[in-house]
Amino acid sequence: MGDNIRKTRKKTRQQIVYIMAIAAFILIIVSAVYAIKKICAGIKNAQTVTTMVEVNPTEEPVHEEIITVTPGPLPENKSQETKKNTKNTKEENIFTYLQGPKSWKERISWSGPWGVRFYDGGSFGGFGCGLCCLANVYSTFSSGRCTPVDMYKFARQKTGYGGGGAIAWEYMDTTLNKLGFNTSLRRKPRSYKNFKKQIANAKCSIVLISSNNSRCYWKNTPGHYVTIFLYNEKSGTVFLADSGNPLHNRKRIELRKIYKSLKTESEWQYLNIGHYNKNSDTWKHRKLNKRWVKPEYIG
């Protein structure tokens with residue numbers, strides 16, 4: 001009888017030990033699973049923040065709002081290069097090409113036969129705004145000059161741009177780098193103050209506007225590249241080169257209207273252009289003897 005009681009107690013103690021061991025094991029597993037879930041949740045949250053910064057163009061990057069994608073070469077002699085870049089800062093020296101057929105038919109200054117022609121299956125009058133912007137920048141600040149069609153051919157040959165349609169941001173950026181310009185692709189900052197500071201520090205900027213974001217200046221314009229020059233702090237205005245509208249072209253416009261109109265649906269909203277280095281210009285194009293309506297104030 002006593003032996004049976006002792007055996008029963010021993011067996012009971014063993015069962016208790018087994019149960020405690022199993023409970024401890026389960027507790028360890030549960031703790032490990034919880035820890036793993038916590039780590040995974042942290043990784044997922046980090047990825048979400050990164051995605052928001054990259055995808056939502058109305059948000060500023062966490063540490064730095066200026067995003068430089070493919071910087072061009074810096075000038076070797078800063079003081080000398082600054083002098084070169086400031087020689088063409090008057091409005092009359094700024095190139096402002098027009099792209100469309102109506103401008104050419106009416107022989108409006110800055111228009112050309114490209115407005116009624118097709119290139120690689122597309123009408124230049126419909127897609128050429130970005131090429132006009134590039135030609136404006138190059139002809140204004142570089143040692144050379146070109147027409148929008150010259151720029152079209154250069155971009156087709158020297159970048160991945162396929163032609164026949166609107167040129168994408170990365171191809172405009174690459175084109176300007178090959179022409180010797182320092183550039184920065186940027187997204188719309190949350191603060192107008194930051195945007196104003198960036199524009200003021202640039203030689204000029206190519207911006208993408210859309211009436212879907214604001215109709216304060218452009219109407220029925222879902223997407224259009226324009227060039228802005230010469231920010232004036234006192235008036236808060238910039239000198240506008242708008243290839244799509246002769247009534248807008250070569251006019252001063254409030255920079256705040258540009259800010260409101262930036263196309264946030266696009267990955268990038270504007271491209272700031274800095275120094276030009278003649279030694280890094282792979283083109284040095286100088287011919288402007290083709291048929292187009294050249295204004296008297298351009299020598």
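How are α5 and α6 oriented to each other, roughly parallel or roughly perpendicular? To get there, let's start with the whole chain, keeping in mind that this is a predicted model.

The protein chain has 299 residues, and 45% of them are buried. If you take the contacts between residues at least 6 apart in sequence, 71% of them link residues at least 24 apart.

Now back to the helices. Two packed helices are described by the angle between their axes and the distance between the axes. For α5 (residues 129-141) and α6 (residues 148-158), the axes come within 8 Å and cross at roughly 105°. An angle from 65 to 115 degrees counts as roughly perpendicular, so that's what α5 and α6 are to each other. The α5 side of this contact is made up of Leu131, Cys132, Leu134, Ala135 and Tyr138, which meet Pro148, Met151, Tyr152 and Ala155 from α6. Sort the residues of this contact by type and you get 9 nonpolar, no polar and no charged.

Next, have a look at strand β3, residues 181-186. Here 6 of the 6 residues are buried, so β3 is largely enclosed by the rest of the structure. That goes for both faces: Phe181, Thr183 and Leu185 are buried on one side, and Asn182, Ser184 and Arg186 are buried on the other. β3 also has a partner strand, β8 (residues 270-276); the two run antiparallel and are joined by 5 bridges. To find one of these pairings in the model, go to Phe181, whose bridge partner in β8 is Tyr276.

How values were computed: Residues numbered from 1 in each chain as written. Predicted model: local features only at pLDDT ≥ 70, side-chain atom pairs only at ≥ 80, totals over all residues. Heavy atoms only, no water. Buried < 20%, exposed > 50% of the residue type's maximum accessible area, 1.4 Å probe, protein only. Contact = heavy atoms within 4.5 Å. Axes fitted to C-alpha atoms, helices over the stretch in contact; angles between N-to-C directions. Helix = DSSP H or I, 4+ residues; strand = E, 2+ residues; numbered from the N terminus. Parallel < 35°, antiparallel > 145°, perpendicular 65-115°, else oblique. Nonpolar A, V, L, I, M, F, W, Y, C, P; charged D, E, K, R; others polar. Pairing = 2+ DSSP bridges.
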